[in-house]
Amino acid sequence: MNLHYRVEGEGETIILIHGLFGSLDNLGLLARTLKEHYQVISVDLRNHGQSPKSDRFTYREMAEDVMAVADHLQIEQFAVIGHSMGGKVAMALSEVAQHRLTQLIVMDIAPVAYQEHRHENVFKGLLEVAKHTVNKRSEAETYLAQHVVEPGVRQFLLKSFAKGDNGYQWRFNVDALIANYATIMGWEPVQPFIGKTLFIKGQNSEYIQTAHRAEVAKQFPNAKAHMVANTGHWLHAEKPDVVSRIILNFLDAKADN
């Protein structure tokens, strides 16, 4: 699958991978800092942004999509940074591209299956919007608000609500995300990746827990961890300067190992 992507900066390559309901713009603040030192490739995952839609939505397939971008651009070695669902794609890449991956950075997600249905209200809101003819974002937000209480979450979702040939619509493939939700929340353990790995956790987020340490160590035996104080799941948006500094320090330290 030919993903939509954006290339910025020069130097060694870093691939940025967004999370569920997002697009390449979600890691834009991080890309803005990193492109001063590296070549940064930001991708829209399948069923998101301007990339093609598909009924199939496994982590291995999404990792292979990202690999295809690297192949197309003739990039042999690269680091990868992924947030949330994009972090799982990045971890899947550690198996698919084991000998090409120089460093792996995973933001606020663990290599485990999550059992609870965390996004039920979001899907209800998205389907509520789809029931109506909507001519502007403010109307969509009114329908979303019937199910999605947090204004910040609504604003995040509305970044992917765009005007097309048939009026306003979601850029992500709602039906495919619903159909594949168990896969999105699930996880098939990968072979141990011994390369440099960093897990960054938002202090107030529940996505990475103490109970996950054993699985992290099993799949990523050389992983380090860093907690960002007073942040939640969207740590890179809440404290972009701090997260950028943590990432740059980790990337720059590769020569020491």
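1. Helix α2 meets α3 through Y59, R60, M62, A63, E64, V66 and M67. On the α3 side, the partners are M85, K88, V89, A92, L93, E95 and V96. Contact means heavy atoms within 4.5 Å. By class, this contact holds ten nonpolar, four charged and no polar residues. Ala, Val, Leu, Ile, Met, Phe, Trp, Tyr, Cys and Pro count as nonpolar, Asp, Glu, Lys and Arg as charged, and the others, Gly among them, as polar.

2. The model is predicted: local features need pLDDT of at least 70, side-chain atom pairs count only at pLDDT 80 or more, and totals for chains, interfaces and linings use all residues. Residues are numbered from 1 along each chain as its sequence is written, and side-chain values use heavy atoms, with hydrogens and water left out.

3. Helices α2 (residues 59-72) and α3 (residues 85-96) pack at about 75 degrees, their axes 8 Å apart. So α2 is roughly perpendicular to α3 (65 to 115 degrees). Axes are lines fitted to C-alpha atoms, for helices over the stretch in contact; angles run from 0 to 180 degrees between N-to-C directions. Helices (H or I, at least four residues) and strands (E, at least two) are DSSP runs, numbered from the N terminus.

4. Seven strands form an open, mixed sheet in the order β1-β3-β2-β4-β5-β8-β9. Strands pair if DSSP finds at least two bridges between them. β1 (5-8) and β9 (223-228) are the edge strands, each pairing on one side only. Twist averages 15 degrees from one strand to the next.

5. β1 and β3 (residues 39-43) run antiparallel, joined by four bridges. V7 has I41 in β3 as its bridge partner.

Terms used:
Angles under 35 degrees count as roughly parallel, over 145 as roughly antiparallel, 65 to 115 as roughly perpendicular and the rest as oblique.
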